[in-house]
Amino acid sequence: MMWYDGGWGWGGWFFMAVLMVLFWALVIAGIVALVRYLTSTHHERQSGGPYSTGEPGWGSKRAEDLLAERFARGEIDEDEYKQRLTLLREHR
């Protein structure tokens, strides 16, 4: 029985194997890039994350919220809370 060898032969198999490796490398690199983009602090800052400076006074509002949380947890007393709040509001 004769075998037809009119195609690419072994070169075709090699070419297809290389393409398959490249395909899966691109898929994996794309997934890694997507995960890094979604979990990066750069993305968080652009979308209005905790350190965003998108609007004026926003950072000081966050500082006031943190100060209020510390006061609510009992980490600072009322006098210290008032002093720090006054200081924050003076330096906006």
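Predicted model: local features only at pLDDT ≥ 70, side-chain atom pairs only at ≥ 80, totals over all residues.

User: Why is Glu 64 called buried?

Analyst: Glu 64 has a relative accessible area of 7%. Buried means under 20%, exposed over 50% and partly exposed in between, with a 1.4 Å probe and protein chains only; therefore Glu 64 counts as buried.

User: What makes the link between the side chains of Glu 64 and Arg 89 a polar contact?

Analyst: The distance is 3.4 Å. A polar contact is a pair of N or O atoms within 3.5 Å; within protein, one must be able to donate a hydrogen and the other to accept it, and residues adjacent in sequence count only if both atoms are side-chain atoms.

User: Why is the pair of Phe 71 and Tyr 81 called stacked?

Analyst: Two aromatic pairs are counted. In Phe 23 and Trp 24, the centres are 5.1 Å apart and the planes 75° apart, an edge-to-face pair. For Phe 71 and Tyr 81 the values are 4.8 Å and 20°. Rings of Phe, Tyr and Trp (its six-membered ring) pair if their centres lie within 6.5 Å; planes under 30 degrees apart count as stacked, over 60 as edge-to-face and the rest as tilted, so Phe 71 and Tyr 81 are stacked.

User: Is Tyr 81 buried or exposed?

Analyst: Tyr 81 is buried, at 18%, whereas Phe 71 is partly exposed, at 33%.

Conventions: Residues numbered from 1 in each chain as written. Heavy atoms only, no water.
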